[in-house]
Amino acid sequence: MMTERRGSDLGSWLTRAEHTGLKPLRSLARGLRQDFDAVATGLALEWSSGKGEGNVNRVKRIIRDGYGRAGFDLLRRQVLLAD
């Protein structure tokens, strides 16, 4: 469903997930159903925010690593030079 961008299959998948014996899977399905339109659209479109989110997580990690030990100049350098 995710790799083939079949957001139209989400409803039937959620129904099956909600009727399983796995409590975490049922909880996930309930959460996804609360924002069904956005999730289905995200599964159907070719656009992705993955690269941007990856950069945000990378910068947050660098900030955590340097918290309390690094000044702004070192932090700036790490952000600019990190892969």
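This is a predicted model: local features need pLDDT of at least 70, side-chain atom pairs count only at pLDDT 80 or more; totals for chains, interfaces and linings use all residues.
Residues are numbered from 1 along each chain as its sequence is written, and side-chain values use heavy atoms, with hydrogens and water left out.

Let me turn to confidence. The pLDDT is the predictor's confidence in each residue, from 0 to 100. The protein averages a pLDDT of 84, and 95% of the residues score at least 70. Confidence is highest in H2, at 93, and lowest in helix H5 (residues 72-81), at a mean of 78.

Next, the overall architecture. The protein has five helices and zero strands; these are DSSP runs numbered from the N terminus, with helices being H or I of at least four residues and strands being E of at least two. Along the sequence the pattern reads α-α-α-α-α. The radius of gyration is 19 Å, well over the 12 Å that the globule rule gives for 83 residues, so the protein is more spread out than a compact globule. That radius is taken over C-alpha atoms, and the globule rule is 2.2 Å times the number of residues to the power 0.38. The C-alpha trace spans about 55 × 30 × 20 Å along its principal axes.

How much of the protein is buried? Of its 83 residues, 13% count as buried, where buried means under 20% relative accessible area, exposed over 50%, and partly exposed in between, with a 1.4 Å probe and protein chains only.

Which residues form the largest nonpolar core? There are six: Leu10, Leu14, Ala17, Ala29, Ala40 and Leu43, the residue with which I opened. Such a core is a set of buried Ala, Val, Leu, Ile, Met, Phe, Trp, Tyr and Cys residues joined through side-chain atoms within 4.5 Å. H1 and helix H3 (36-44) are the elements that give two or more residues to this core, and H1 gives the most, with three.

I come now to charged pairs. A salt bridge is a side-chain nitrogen of Lys or Arg within 4 Å of a carboxyl oxygen of Asp or Glu. By this rule the count is two salt bridges. One joins Asp9 and Arg6, whose closest N and O atoms are 2.5 Å apart. Asp9 is partly exposed, at a relative accessible area of 26%, and Arg6 is likewise partly exposed, at 33%.

The other links Glu18 and Arg33, at 2.9 Å from N to O. Glu18 lies in helix H1 (residues 10-18) and Arg33 in helix H2 (residues 23-34), so this pair ties together parts that are 15 residues apart in sequence. Glu18 is partly exposed at 25% relative accessibility, as is Arg33 at 34%.

Is Leu81 buried or exposed? Leu81 is exposed, with a relative accessible area of 59%. From C-alpha to C-alpha, Leu81 and Val59 are 11 Å apart in space, and they are 22 residues apart in sequence. Thank you.
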